[in-house]
Amino acid sequence: MTAADTTDVVVDINRYDPVHRQWLAEAIAKVRADARRSSDTHLLRVPVAAVPGVDLYLKDESTHPTGSLKHRLARSLFLHALCSGWIRPDRPVIEASSGSTAVSEAYFARLIGVPFIAVMARGTSREKVRLIEFQGGRCHFVDNANEVYDVAAHLARELGGHYMDQFTFAERATDWRGNNNIAESIFEQLAEERHPEPTWIVATAGTGGTSATIARYIRYTGRATGLCVADPDNSAFFPAWRDGDSGITTEICSRIEGIGRQRVEPSFVSSAIDRMIHVPDAAAIAAVHVLEQLIGRKAGASTGTGLWAAFHIMSEMAAAGRGGSVVGLLCDPGDRYIDKYYAADWLAAQDIDIAPYAARLRGFLESGRLS
């Protein structure tokens, strides 16, 4: 009988596996239970006395169980992949990552009992590598950051596992309409403040998933808030958005771990972004040193990238005589980068001089103007 001869034949292919379905239900329940155990993250008020009319807040994502903004993303990615039938018992989950997403995904992989492998550049901070391994994951290093995609996909095929591919699925996996996403949380926490609807929310982009979620939620709820994305040196996002060319690439990888990519990732929804600011790496690193003076805590340089842009916007608002509020993100703690952004020898080796930018920030804190 040929394929053409099956017109009048009932063909029943049943792949339903009750044992797997039970495992799947238990895995999803474990991930959802983790969300219930985790309280919402704090919205910190950052004092800037020189700009009394503009309030600055940082959404402190470093307090998640795995210590970064990526905990939300990893939870969403796991739920999306589990409900799509992509993750199987005893089969590894593989991810291409610059570190923080891998830490969080390793946590969720261990939670549901599957192996995890992170494919990452060899220059990733030692502390992030330690945290991935602490969570039960394994690190697979590549020499060129651009190789992470192909190597992760190859490992998934070779081992019969699932390539999570955060750079494609980040903006799809998160429910941007609400359901305790980061945007909904920000607006709820601002409800009793003097400027409950911020003039700007400043984000940064690694996958683009966070900026897409915030932008969509703003529009969905009919708010006037603008979304600004701050982008570091050596990233394709800013020039691609500026020129309307998603094919732009860069030759050198970003030195700011977690953000900036050499290509425009599929999850980067450029049309949803209202404004972009390019922030030099030295400015971003100077900003986290100043932040430590303001709140007594270290943060990663992705936080500094967004913070410099927030200061720039605050200075702009003050010069125009406008009041309001600006919200940025505290993406992860600085103790992951002691050997980088807080190390004089690393800065010297990278030819990064933060002194001129630190001076400009001191001037801003005194005058409210970021020259």
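In an unreviewed UniProt entry, Lys70 is listed under "modified residue: N6-(pyridoxal phosphate)lysine". UniProt positions follow the numbering used here, feature names are shortened, and such annotations may be inferred rather than shown by experiment. The structure is a predicted model, in which local features need pLDDT of at least 70 and side-chain atom pairs count only at pLDDT 80 or more, whereas totals for chains, interfaces and linings use all residues. Residues are numbered from 1 along each chain as its sequence is written, and side-chain values use heavy atoms, with hydrogens and water left out.

Lys70 is found in helix α2, which spans residues 70-83. Helices (DSSP runs of H or I, at least four residues) and strands (DSSP runs of E, at least two) are numbered from the N terminus. Lys70 counts as buried because its relative accessibility is 13%; buried means under 20% relative accessible area, exposed over 50%, and partly exposed in between, with a 1.4 Å probe and protein chains only. When residues up to four places away in sequence are not counted, Lys70 touches Ser100, Thr101, Ser104, Thr207 and Gly258; a contact is defined by heavy atoms within 4.5 Å.

His71 is also found in helix α2. With a relative accessible area of 0%, His71 is buried. The side chains of His71 and Asp34 are joined by a polar contact of 3.4 Å. A polar contact is a pair of N or O atoms within 3.5 Å; within protein, one must be able to donate a hydrogen and the other to accept it, and residues adjacent in sequence count only if both atoms are side-chain atoms. Apart from neighbours within four places in sequence, the contacts of His71 are Asp34, His64, Pro65, Thr66, Ser104, Tyr107 and Phe108.

Side chains of opposite charge can pair when their charged atoms come close. In the whole structure, 24 salt bridges are found, each being a side-chain nitrogen of Lys or Arg within 4 Å of a carboxyl oxygen of Asp or Glu. One of them joins Arg72 to Asp40, with the closest N and O atoms 3.3 Å apart. Arg72 lies in helix α2 and Asp40 in the loop between α1 (18-37) and β1 (43-46), so this pair ties together parts that are 32 residues apart in sequence. Arg72 counts as buried at 11% relative accessibility, whereas Asp40, at 32%, counts as partly exposed. Both residues belong to a network of salt bridges that links Asp40, Lys59, Glu61 and Arg72.

A further salt bridge is formed by Asp233 and Arg255, whose closest N and O atoms are 3.9 Å apart. This pair links distant parts of the chain, 22 residues apart: Asp233 is in the loop between β8 and α9 (237-243), and Arg255 is in the loop between α9 and β9 (275-278). Asp233 is buried, its relative accessible area being 18%, while Arg255 is partly exposed at 22%. The side chains of Lys298 and Glu292 also meet in a salt bridge, at 2.9 Å from N to O. Lys298 counts as partly exposed at 33% relative accessibility, and Glu292 counts as partly exposed at 28%.

Strand β7 (residues 200-204) is mostly covered, with 5 of its 5 residues buried. In a regular strand the side chains alternate between the two faces of the sheet. From β7, Trp200, Val202 and Thr204 point one way, and Ile201 and Ala203 point the other way. Strand β7 runs parallel to strand β8 (residues 226-231) and is joined to β8 by 5 bridges; two strands pair if DSSP finds at least two bridges between them. Within this pairing, Val229 in β8 is the bridge partner of Ala203. Together with helix α8 (residues 209-220), β7 and β8 make a right-handed β-α-β unit. A crossover is right-handed if, with the strands pointing away from the viewer, the path from the first strand over the helix to the second runs clockwise. Strand β7 is also joined by 2 bridges to strand β10 (residues 324-330), again in parallel, and Ile201 stands opposite Val327 in β10.

An open sheet of 4 strands has the order β5-β4-β3-β6, with parallel pairing. Its edge strands, β5 (138-142) and β6 (162-163), each pair on one side only. Strand β3 (residues 93-96) and β6 run parallel and are joined by 2 bridges, and the bridge partner of Val93 in β6 is His162.
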